[in-house]
Amino acid sequence: MLMIPGPTPVPEKVLLAMAQRPIGHRSGDFSKIIAEINDRLKWLHQTKNEVLSLNVSGTGAMEAGIINFLSPGDRVLVGVNGKFGDRWAQIAETFGLDTIRISAEWGDPLDTEEFRTHLEGDTNKEIKAVIITHSETSTGVLNDLETINKYIKAHGTALSIVDAVTSLGAYDLPIDDLGLDVVASGSQKGYMIPPGLGFICVSDKAWEAYKTCKFPRFYMDLGKYKKANLKASSPFTPPVNLMYGLQAALQMMEREGLESIFSRHQRLTSATRAGVQALGLKLFAADDCASTAVTAVEPAPIGAEDIRKIMSSKYNIALAGGQDHFKGKIFRIGHLGFVSDRDILAGIACLEATLIELGHDIKPQAGVKAAAAVLA
Ligand SMILES: *Cc1c(COP(=O)(O)O)cnc(C)c1O
């Protein structure tokens, strides 16, 4: 049982769809599948713009988002309050962008005021983009994208480049209403399909910037993907079977409805947090900035790795560990994608049994009781 923030559980319907024989990707039948997928991706992204599918993981989609709309030496602000924010700063630095890191401690949200100060002070309009990780998976913190986006809009020329890898499909992110320019995500997170596809949604303003972008690129040239999208085709060979799975998963999502998907993730997050707290463990992120995809827990004095070991060996539940300097200090519970009330109750019950085994003093059934109360 996967309770990590990606890869996430895959429904049987999706697995069976992927078990079909591949067909030719230039056939009329496959073109119909691409057309349906493109329509539903727009629905999921709440956008009129094309959503491009690339055979890459989430990081590949983000790199494409940088090398198609900026040029060497461009100044960018990058929010860094965890592993993934740091990764985007590294990508920007790798490509020779003039990278200003706006950092916060791991577990804290980004300080929106720092973005306001930098953007308001930039009267010569040298800042070309603001790069933000919406849901910081390494810490379970949801950054205040709405507020930072307001300051980007007030600046007027900077593009917003957003890592929505663990917020897309878990949190209401109306891309067109917010006017976000470049939004990247990956298949193994909220999409309920295995790893292998990266998605990127691009605004008209970003396509304008594309025209003057000076980075070389070939496979990652998003212009090729847009052109192909408009003909219900793909520039290169897509992962045909993964696309079958994506088609089935998007159909399931449409049946559930966006509102229900978001409220389910909110409910599962609240239940997980209530359960963890009732077990006497410390939540790593505060209530007002909690990701709806992943909950990080600081169990000291109990060892995070001891908990993960028993959860895995005895209950067959995979939890994620801490990353970098939080290795061994935190563990993370994924509740993203194909996850139900039953999964959370099972996870909390097994966590409770694990803590008892480790000699932790807890009230009987405290965790399950608290989680069940939220779910009721
Ligand atoms: C998973 C994830 C990514 C992408 O990682 P890949 O391994 O490249 O798919 C990027 N950002 C966040 C916030 C993530 O959770």
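Which residue in strand 10 is the bridge partner of alanine 184? The model examined here is predicted: local features need pLDDT of at least 70, side-chain atom pairs count only at pLDDT 80 or more, and totals for chains, interfaces and linings use all residues. Residues are numbered from 1 along each chain as its sequence is written, and side-chain values use heavy atoms, with hydrogens and water left out.

The partner of alanine 184 in strand 10 is isoleucine 200. Strand 9 and strand 10 (residues 198–202) pair in the antiparallel sense over 5 bridges; strands (E, at least two residues) and helices (H or I, at least four) are DSSP runs numbered from the N terminus, and two strands pair if DSSP finds at least two bridges between them. With strand 8 (residues 159–163), strand 9 pairs in the parallel sense over 3 bridges, and valine 182 of strand 9 stands opposite isoleucine 161.

Strand 9 (residues 182–186) has 5 of its 5 residues buried, so it is largely enclosed by the rest of the structure. Buried means under 20% relative accessible area (1.4 Å probe, protein chains only). In a regular strand the side chains alternate between the two faces of the sheet. Both faces of strand 9 are covered, with Val182, Ala184 and Gly186 buried on one side and Val183 and Ser185 on the other.

The largest pocket is lined by 15 residues, and Phe69, Asp74, Lys128, Ala209 and Thr212 lie nearest its centre. A pocket is an open set of points on a 1 Å grid over the protein atoms alone, where a 1.4 Å probe fits, with protein on both sides within 12 Å along at least five of seven lines; lining residues have an atom within 4 Å of a point. Helix 8 gives the most to this lining, with 3 residues.

Technical notes: Buried means under 20% relative accessible area, exposed over 50%, partly exposed in between (1.4 Å probe, protein chains only).
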